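Trainee: Could you walk me through reading a pocket and a sheet?

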Amino acid sequence: MAAEAAVRHRQVEVNGISMHVAEAGPEAASAPAVLFVHGFPELWYSWRHQMGYLAARGYRCVAPDLRGYGGTSAPPEPPSYTVFHIVGDLVALLDALRLPQVFVVGHDWGAIVSWNLCLLRPDRVRALVNLSVAFMPRRPGVKPVEYFRSAYGDDYYICRFQEPGVEAEFTAFDLKNFFKLALTVQTTGSSTMNLQKMQAYNKEIKLPSWLSEEDVSYLANVYAKTGFAGGVNYYRCLDLNWELLAPWTGAKVQVPTKFIIGDGDLAYHHPGVKSYIHRGGLKRDVPMLEEVVVIKGAGHFIQQERAQEISEHVYDYIKKFGTGVSTLQISKL
């Protein structure tokens with residue numbers, strides 16, 4: 001808890017929205033900075049352990065609530081949640097904090113955003129550590145939602161999230177129970193979020209050692225205020241992202257990269273993912289991929305479930321790049 005107590009909070013105006021940012025560690029311009037990018041259904045809070053660990057080792061840790069989440073603005077229109085908006089928010093945040101270049105650590109949707117940040121603005125990223133979701137190269141012949149519908153059917157959560165108003169179904173949950181279930185039942189995770197099955201789940205949920213009632217309450221209290229529409233809108237932009245990213249078809253992620261996934265994560269067991277990661281596909285698309293780590297027995301919310309291990313993996317990788325701060329210039333209007 002000592003590390004959590006050292007977290008500083010502020011609102012930063014970026015890219016036309018107000019972004020809630022949690023920070024830890026030194027504020028000096030000479031300190032190397034790490035940008036943490038969370039997933040769904042999460043908040044900056046998912047990174048509390050890594051922030052404490054890296055802050056104690058001299059890193060400035062920056063963990064925003066992404067657009068649509070927590071204390072950050074949530075525009076009502078689904079088309080306001082493309083990867084260009086989200087990456088634009090993060091670039092504007094780095095500019096506002098006067099951080100020319102940062103280490104980036106992403107998870108789940110945050111990993112998707114981080115891959116795209118590196119694809120679109122590699123100049124702003126010293127190195128990347130991504131968790132749980134591998135890079136997904138654009139397939140020119142098939143739109144993402146069409147692919148998921150043909151592979152998994154209309155009831156698959158990504159297909160259901162396309163329906164207007166589906167976010168209202170979350171209001172049927174006791175939110176503390178929802179987050180207990182979403183974070184701890186290995187067959188849920190955001191890899192397969194069947195709301196009907198989750199509502200029907202009536203067994204007692206025993207919290208694992210890595211998740212406390214306090215943690216669950218924090219998430220439940222924030223989402224009780226914000227709802228889930230912001231996070232759901234990311235899924236509603238999958239096809240729009242596909243259209244807008246056409247110029248980057250075949251483009252490589254040209255940033256030094258480490259990728260970590262749990263072998264109990266359903267994202268690891270989607271068709272073709274293992275072979276893509278281990279048989280050269282990921283290395284082809286991310287030529288500067290230096291390490292792939294598969295953690296035995298770990299599930300989807302790996303930075304919380306295996307907090308110490310992930311913190312060490314991140315630190316062991318980024319420390320290789322030294323602590324000098326880039327001298328890149330930030331243009332100002």
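Trainee: Which helix gives the most to the lining of the largest pocket?

Mentor: A pocket here is an open set of points on a 1 Å grid over the protein atoms alone, with protein on both sides within 12 Å along at least five of seven lines; lining residues have an atom within 4 Å of a point. Helices (H or I, at least four residues) and strands (E, at least two) are DSSP runs, numbered from the N terminus. In this case H4 gives the most, with five residues. The model is predicted: local features need pLDDT of at least 70, side-chain atom pairs count only at pLDDT 80 or more, and totals for chains, interfaces and linings use all residues. Residues are numbered from 1 along each chain as its sequence is written, and side-chain values use heavy atoms, leaving out hydrogens and water.

Trainee: Which residues are the closest to the centre of that pocket?

Mentor: Ala134, Phe135, Met136, Pro137 and Phe148, out of 47 lining residues.

Trainee: Now the sheet. In what order do the strands come?

Mentor: In general, strands of a sheet pair through backbone hydrogen bonds, either parallel or antiparallel. Two strands count as paired if DSSP finds at least two bridges between them. Here eight strands make an open, mixed sheet ordered S1-S2-S4-S3-S5-S6-S7-S8. S1 (8-14) and S8 (289-295) are the edge strands, each pairing on one side only.

Trainee: How many bridges join S5 to S6?

Mentor: Six, between S5 (residues 102-107) and S6 (residues 125-131), and the two run parallel. Look for Phe103, which stands opposite Ala127 in S6.

Conventions. On a 1 Å grid over the protein atoms alone, a cavity is a set of points where a 1.4 Å probe fits but cannot get out, and a pocket is an open set with protein on both sides within 12 Å along at least five of seven lines; lining residues have an atom within 4 Å of a point.
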